[in-house]
Amino acid sequence: MVFVGLPLNLTLIGLALAGIVILGASVLQVGRAGRASRATTYGLRFLAVLLVMWVLREPVAYQDEPLDRQSFLVHTYDVSGSMSITDMDSRSRLDCQEEMLRQGSVRTLLDRRHRAVEFVFANDLKVQADTDPLHVETEAGTDLTSLFRSLAGRLQGLPVSAVLLSSDGNPSIGPDPQTILDAAVQMDTPVYTIGVAPKPPAPDVWIEEVQAPSRMDRNATHDVSILVGTRGLGESATQGVEVVLTENDREVDRLRVYPTRDRQVLPARFQVQPRDRGWNSYRVTLTPSPAESYPWNNTHDFLVQVVDHRRRVLYVEGYPRHEYRFLRAAFAEDARFEVASLVYLDQKRRFYRQGIRDQEQLKEGFPKTEDELFAYDVVVLGDVSADLFDERQFECLRDFVKDRGGGLLFLGGDHSFDPQGFARTALADVLPFRIGAGNRVEGKFGVVPTVHGLEQALFGPYDPADGTTPPWSQLPATHGLFTLEDLKPGALALARLQRGPSADQPALVAYQRYGRGISVICGISGTWQWKFQMPSDNTLYQTFWKQMILILMNQTRPRLTLKAHPPSLPLGDEVVLSGQAFDPRFQVDPHTNVELTIESPDGSQKTQRAESVINEGTTYQYRFTPTQAGRYQVTAHLESAGTDTRHDVQSAFHVTSTSPERQIVNLNETLLRDIANSTGGAYVHVSETDTLPDLIKPGRHAIHRTTRISLWDRPWNLGLLLGLLLAEWGIRRWRGMA
Amino acid sequence: MRERQSNRRRFLQDSLYAMAGGTWASLGSRLHAAQGTPNPELDRNHPSLFCFSRLRYPSLMRVQDNWDAWPDADEMFLRYLRRVSSVKLSPLSWRQRVIDVTELGRVYDAPERESPLFTRPFLFMTGESRFHLDHASRQTLGEYFRRGGFLWGDDCVERYDYSVQTLGEDHFFLSFCEYFSEILPGARMQDIPFDHPLYHCVFDFSRGSPRLQGQPHRDKGLFYQDRMVAMVTAGDIHCGWKHHGRLQKYYQFALNIVIYALTH
């Protein structure tokens with residue numbers, strides 16, 4: 001509302017004068033009227049004056065009205081693979097869109113008010129001609145983020161009322177909801193979403209997610225975790241859903257999950273010890289429920305590379321002690337580790353070797369050259385005195401972690417923590433804490449993991465939400481603890497001292513990244529007491545040390561790496577084969593000459609030269625689009641310039657004939673509602689589209705007509721003024737105020 | 001009377017050794033302190049320390065030397081160990097290092113209770129007599145081995161008449177083989193092969209342990225899951241420390257045993 005008549009200052013002066021006059025009149029007032037009556041009459045007079053002043057100011061209001069057929073209503077139709085599913089009263093979802101949104105009376109009504117622009121989208125956005133029917137783009141995936149970003153670009157500067165998005169709401173490409181919502185909000189246009197899928201959803205079981213390592217050791221057991229989705233199974237839910245895991249078409253195990261609610265996602269876990277080396281095909285299958293409508297999303301295939309590679313551990317101890325024997329046994333009992341150790345026996349530095357491959361290994365004691373040291377993946381230094389090493393060996397150790405990506409496990413003790421020892425060597429930088437005096441703890445205490453220790457499963461997998469007793473609570477209190485008071489920035493504590501109820505206790509185990517590798521320091525010098533003072537069937541001690549080694553081990557890398565991304569893809573999509581090639585000092589090799597041999601499912605092979613690229617984590621790359629469904633094996637060959645050395649590494653990927661579009665097929669109302677709410681639109685199901693024309697409120701980019709409405713020359717202003725004056729006269733007459 | 005005199009003599013010997021040991025430890029600690037390195041041997045509970053513990057058990061026969069034969073021999077060996085190796089030794093006295101076989105029964109009855117047995121991964125057992133281990137003791141020893149413990153038995157070799165040149169008896173050795181072969185299901189008592197690391201980890205003993213006296217039995221080992229958890233020698237090595245200390249081979253073989261126990 002704005003005022004176009006009398007200026008405000010004059011209005012205020014007028015009101016002030018009127019107030020003075022009314023006040024003066026009250027003095028001259030005759031009659032014996034009471035105070036209330038007089039106040040009422042004065043108030044009515046003042047209101048009348050106020051009304052006159054308001055009218056004199058000439059108030060005017062403006063009203064915007066959208067102009068019919070001047071702004072665009074953008075219709076976007078989902079034509080991805082899932083829209084071909086026939087579950088809408090014997091019609092496909094696509095046909096349902098066609099009928100309800102393009103040909104029905106709703107569309108006619110909308111076209112009266114808006115100019116229509118039509119797009120179709122799957123993994124990209126395309127203009128749709130009015131007269132052409134919708135058709136599904138084979139098994140293309142749904143990319144909602146890309147849709148909104150493309151629309152934002154295309155619609156910039158156009159008068160757009162709103163966007164209508166009809167879809168089942170399941171993004172199979174880039175499915176992070178927040179990214180999708182952010183892209184939608186960026187358009188700055190209301191989005192009205194229409195859900196096109198059965199409601200309530202049809203009964204279904206599906207595989208929501210499979211988590212499995214891409215590489216397994218043949219000598220170890222690995223976890224494969226599966227999330228099984230169930231919905232609407234009704235009475236058949238009591239029989240459960242059977243989950244079967246096969247390895248190369250041989251059944252590994254099966255189990256049942258039992259849903260307790262109408263819609264539920266249930267975990268299922270298998271433990272797998274692979275039988276065969278090389279690339280193994282695994283399949284997870286859900287036995288179809290008689291009630292379900294979508295049996296095709298009950299399988300999931302994945303590939304795993306099974307290796308016999310044993311990680312090499314070098315363990316050096318300063319003197320014979322129980323910790324050495326127990327620790328060595330814990331490492332050696334795990335078939336994934338090959339442990340070579342040497343323990344110094346006396347002051348003359350005689351040493352005893354164990355676990356060596358031949359008499360030449362460690363013949364001179366601790367390795368003196370990089371070639372010899374870099375052959376290992378992890379080095380464990382026990383309670384050793386720094387005197388046992390020379391400067392060159394310290395530098396080799398430092399480079400072992402920094403360049404090789406090796407893991408260094410440094411055990412606490414009176415020798416290793418001597419402030420006159422390692423603190424003055426090249427190794428001091430590698431360690432996650434500053435070695436100083438006074439770290440030894442007197443007495444017996446317990447050990448608890450920190451949040452990071454829990455994440456690293458230091459004492460095995462444990463979820464506090466389970467409510468079960470933590471495994472570390474069984475550990476006996478022990479002597480021989482060294483606290484790590486002065487951790488470096490960037491170092492993370494994995495375990496701390498348990499001394500009293502306070503959580504603010506010093507760290508006992510910590511790690512940090514150093515170059516490509518990791519160093520871990522353990523200030524618990526007598527862990528053998530855990531093993532020796534707990535029942536023999538308790539494996540917590542072994543678990544602790546194996547986890548420590550695994551934390552360290554993950555960083556070492558071979559000279560040549562190869563990865564296929566994605567590891568599983570639908571037919572027609574592109575796969576990227578990439579990796580890194582290193583020289584003998586594990587520096588990026590600028591003279592990369594990598595050849596790739598690709599073997600197709602039918603056995604045919606082709607060899608391609610990879611393209612050199614300079615990218616984080618990649619030095620070579622090759623892109624191609626497979627033409628057959630099945631397993632592809634890829635071998636990368638590296639020949640370094642100036643050497644006779646040749647390195648080969650293998651990878652594989654799986655091409656499926658089943659699109660990920662058909663994996664999760666239910667209506668994602670949550671996402672569609674969120675998109676609508678965050679953009680100022682609304683959500684309807686396709687069965688409720690008749691409410692759309694009234695729901696759509698054009699956004700700020702639509703073309704509006706502005707109407708000016710005068711408020712001062714209205715009859716009700718005169719009526720109100722007369723009413724006020726009459727009321728004032730009436731009271732005066734009634735009260736004898738003349 | 002003779003027994004009382006013997007006990008008094010032993011007590012005096014023990015006291016002298018304890019004082020000497022204490023003086024030595026004190027000197028050692030000052031030396032270490034002067035060098036700037038903390039001396040873990042001052043902390044009796046330090047987990048890095050090696051404790052040479054004897055097992056006390058009741059004899060079934062009347063013999064001259066029982067479980068506590070020649071305690072000073074242990075000290076002589078430990079002095080040798082300290083001199084020639086970097087093994088860090090417990091400061092506990094000989095008596096403090098003893099584990100009574102009744103402790104095995106107590107552990108069996110109350111396994112959750114803290115026991116000194118499970119702070120001593122190394123046990124030594126000697127004597128001339130046959131002995132008996134009851135069910136509870138055997139069960140506890142089985143668990144002791146499964147957890148990683150090691151026990152060495154050495155026959156002190158009873159001789160009825162020292163004036164006659166005989167090899168001596170093997171009561172202890174046979175008793176040991178009899179009981180220990182059944183202590184651990186899945187374990188087997190067998191001759192220790194001559195190429196076993198026990199015989200070569202420090203010094204080489206290609207023909208087995210040295211023999212001071214006693215029957216010419218091969219050394220026997222109790223093997224459980226590829227690890228030797230116990231062994232018995234028939235040649236009275238322990239007396240070799242006491243009476244033939246100038247012959248290093250008895251010390252050296254015991255050193256092999258200790259190093260084996262601390263590395264395997």
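Colleague: Which residue is the bridge partner of A:H222 in β15(A)?

Modeller: A:V272 is the bridge partner of A:H222 there. Keep in mind that this is a predicted model.

Colleague: How many bridges join β12 of chain A to β15(A)?

Modeller: There are 10 bridges between them. Strand β12 covers residues 222–231 of chain A, and the two strands run antiparallel.

Colleague: What sheet are they in?

Modeller: An open sheet of 3 strands in chain A. The order is β10-β12-β15, and the pairing is antiparallel.

Colleague: Which strands stand at the edges, and why is one side of each left without a neighbour?

Modeller: β10 (204–211) and β15 (263–272) of chain A. Each has a single partner strand, so one side of each has no neighbour in the sheet.

Colleague: And what does the twist average from one strand to the next?

Modeller: It averages 25 degrees in this sheet.

Colleague: Now the 9 strands in the other open sheet. What's their order?

Modeller: In chain A they go β20-β19-β18-β21-β22-β28-β27-β26-β24. The pairing is mixed. The edge strands are β20 (351–354) and β24 (446–449) of chain A. Each of these pairs with a single strand, so one side of each lacks a neighbour in the sheet. From one strand to the next, the twist averages 15 degrees.

Colleague: Do β21 and β22 of chain A run parallel or antiparallel?

Modeller: Parallel, with 4 bridges joining them. β21 is residues 378–381 and β22 is residues 407–411 of chain A. As one example, A:V380 has A:L409 as its bridge partner in β22(A).

Colleague: Which strands does helix α7 of chain A touch where it packs on the sheet?

Modeller: Helix α7 (residues 322–332) touches β18 (311–317), β19 (337–344), β20, β21 and β22 of chain A. Its direction makes about 165 degrees with that of β19(A).

Colleague: And helix α12 of chain A, what does that one touch?

Modeller: Helix α12 (residues 540–553) also packs on the sheet. Its contacts include β26 (492–498), β27 (507–514) and β28 (517–522) of chain A. The helix direction makes about 150 degrees with that of β28(A).

Colleague: Switching to salt bridges. How many over all chains?

Modeller: The search of the whole structure finds 40. One of them pairs A:R93 with A:D168, with the closest N and O atoms 2.9 Å apart. That pair links distant parts of the chain, 75 residues apart. A:R93 sits in helix α3 (residues 93–103) of chain A. A:D168 is in the loop between β8 (160–167) and α6 (177–186) of chain A.

Colleague: How many salt bridges cross the interface of chain B and chain A?

Modeller: The rule finds 1. B:E114 forms it with A:K444, and the closest N and O atoms are 3.1 Å apart. There are also 17 residue pairs in polar contact between chain B and chain A, counting pairs with both at pLDDT 80 or more.

Colleague: Last topic, backbone. Is the peptide bond from A:H565 to A:P566 cis or trans?

Modeller: It's cis, with omega near 0 degrees. A:P566 lies in the loop between β29 (563–565) and β30 (568–570) of chain A.

Colleague: And what is phi of A:D89?

Modeller: Near 55 degrees, a positive value in a residue other than glycine. A:D89 lies in the loop between β4 (86–88) and β5 (91–92) of chain A.

Terms used. Residues numbered from 1 in each chain as written. Chains lettered and ligands numbered in written order. Predicted model: local features only at pLDDT ≥ 70, side-chain atom pairs only at ≥ 80, totals over all residues. Heavy atoms only, no water. Salt bridge = Lys/Arg side-chain N within 4 Å of Asp/Glu carboxyl O. Polar contact = N/O pair within 3.5 Å; in protein donor to acceptor, adjacent residues only side chain to side chain. Pairing = 2+ DSSP bridges. Axes fitted to C-alpha atoms, helices over the stretch in contact; angles between N-to-C directions. Contact = heavy atoms within 4.5 Å.
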